[in-house]
Amino acid sequence: MQNENSNLKSITGNPKKAVKKLAIPIVLSMLIMFSNNIIDSMWVAGLGASALAALGFITPLYTVLIGIGNGIGAGVNSLMSRCVGAKKYDSANNAAIHGLILTVILSIIISAILIFNLTDILILMGASEVLSYGYDYGFYIFAGTFAFFLPAILASILRAEGDVKRSTYPLVLTAILNMILDPIFIYTLNLGIKGAAITTVLTHLIGALLMVYWIFIKKDTYFEIKKEQYKRKFKIYKEILYVGTPACLEEVIFAIVGIIFNYLIIVTAGTQEVAVFTIAWRFIAVGILPTIGVGTAALTVGGIAYGARNAKNLKTSVNYSTLISLIITIIIVAFFFIFADPISYVFNYYTGNPELIPRTAEVLRIMSFYDLLIPFGSIAAYTYQGIGKGFTSLTITIFRELILSMAMAYIFAIPLKMGVFGVYIGSTIGISIGSMVGYFAMQLFIKKFTKLYSTK
């Protein structure tokens, strides 16, 4: 095996520098991808309300699909990072190959299940009135499952060796190409909603092929994905899934939280308030993106520190990642709070709901604090993924997002009779407490880890 390259050295040395190196490009690419999602919805909206509604029905399934890919990627990234920290580079190579094989198997199985049951799934979701639109869009999306899974796995391999630029460039390329090709496929080629789906699959595939070129054709990456490197071990599949499965399930948790939110809001304030909340929630989701980006970096750096049995670097990675996430989040929260009125005006004016402007601004100001302490719990959860404790990460997420946040929302809204204001305040208090509990649990783990392994 060759000596460490500059990328690998940069993430196995100073953990603060490593987190910054990995986090910044990831955060920027996520913001671009978010912008792409909004623009994608705009183009589909031009086809009419039915097409847009069909997109809404498929989106949760598509989100879960992306979550599965990212979850398996997290499992591969975690295992490879721990191998890198322990300087077991051949094992890291083998883990990467196992991840790719697992990706092929899962993409075939999941694609077949979704395609053959798509009509029934849509009817079950209540999409009978837009069934044809939903089927046309969903068929091509789910037929292209492999195009969504492959980039996640290849990007995790590149991140594990510190090549963060080439792990994020394809994501940016995918978003830009999708913005350009969407109107061409939808309107110029007159493919309608099928064109939107084909564009999404095609652009993801192009992004994946760029990474395939670097890894398998140009072969200028540190890790070598070769047949002779493969030594089949079912234990490796188990370790990838042990981290990847909980990471996938976290997407399901977020979907359940959204459903409960909507239910409590309908009960306490009616359907129009749901529309207000939906708009405000889009911006709250943007506020979480930097923490997700930094958390992805902490996953790699924390995994390397854990593999090297370096408690000092693990502690530095957690604390520094939490600090920079918190600083960025405070800035975002302040921005949303101060500029809630113009933000609400622009968005509601575009969507044709000017009557919702004042209330949207009020809700955005209240819910902006929902993001404030999330960095504490989120960084802890990502670090648990990095050190191979995926179900601990899932437990923290369930406790933070589902149990505390939604339980407090219910208590404040119904028993304490605070109505929809109680939903917003209760959920914010709950997630804040849950985030701090997750952070202190990680600190206790680091303390025990430090006693077991002394750093040189």
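1. Start with the second largest pocket: α4 gives the largest share of its lining, 4 residues. A pocket here is an open set of points on a 1 Å grid over the protein atoms alone, with protein on both sides within 12 Å along at least five of seven lines, and lining residues have an atom within 4 Å of a point. The volume of this pocket is about 510 Å³, counted as the space filled by probe spheres set on the points, with grid points joined across faces, edges and corners. In total 18 residues line the pocket, and L79, C83, K88, S91 and E239 lie nearest its centre. At least two lining residues come from each of α3, α4, α10 and α11 (271–307). Helices are DSSP runs (H or I, at least four residues), numbered from the N terminus.

2. A word on provenance. This is a predicted model, where local features need pLDDT of at least 70 and side-chain atom pairs count only at pLDDT 80 or more, while totals for chains, interfaces and linings use all residues. Residues are numbered from 1 along each chain as its sequence is written, and side-chain values use heavy atoms, with hydrogens and water left out.

3. Have a look at R82, in helix α3. R82 counts as buried, at a relative accessible area of 15%; the cut-offs are under 20% for buried and over 50% for exposed, with partly exposed in between (1.4 Å probe, protein chains only). Not counting residues up to four places away in sequence, R82 touches E239, V243, G303, Y306, G307, G386, I387 and G388. Contact means heavy atoms within 4.5 Å. E239 turns up again here, as one of the residues nearest the centre of the second largest pocket.

4. On to the packing. The largest nonpolar core holds 58 residues, and those with the most contacts inside it are L65, M80, Y137, I141, F142, I157 and F223. Such a core is a set of buried Ala, Val, Leu, Ile, Met, Phe, Trp, Tyr and Cys residues joined through side-chain atoms within 4.5 Å. At least two of its residues come from each of α3 (49–85), α4 (89–116), α5 (118–124), α6 (131–143), α7 (145–160), α9 (192–218) and α10 (234–269). The most come from α3, with 13 residues. Beyond its neighbours within four places in sequence, I157 is in contact with V76, M80, A96, L100 and F223. There is also a second, separate core of 33 residues, which includes I253, I366, M406 and Y424.

5. G134, Y137, G138, I141 and F142 are buried in α6. Seen down the helix axis, the buried residues of α6 fall within an arc of 120°, so they line one face. The arc is that of the directions from the helix axis to the C-beta atoms.

6. A cavity is a set of grid points where a 1.4 Å probe fits but cannot get out, and the count comes to 1 cavity of 30 Å³ or more. The largest cavity has a volume of about 40 Å³. P151, P170, L171, T174, H204, G207, A208 and M211 line it. α8 (164–188) and α9 are the elements that give two or more residues to this lining, and α9 gives the most, with 4 residues.

7. A381 lies in helix α15 (residues 374–386) and counts as buried at 4% relative accessibility. Outside four places in sequence, A381 is in contact with S393, I396 and T397. F449 sits in helix α17 (residues 419–452) and is buried, with a relative accessible area of 4%. Leaving out residues up to four places away, F449 touches Y306, R309, N310, A311 and L314. Y306 is also among the residues that R82 touches.

8. Finally, some backbone angles to inspect. K219 has a positive phi of about 55° although it is not a glycine. K219 is found in the loop between α9 and α10 and is exposed, with a relative accessible area of 57%. K417 has a positive phi of about 55° too, and is not a glycine. K417 is in the loop between α16 (390–413) and α17, exposed at a relative accessible area of 75%.
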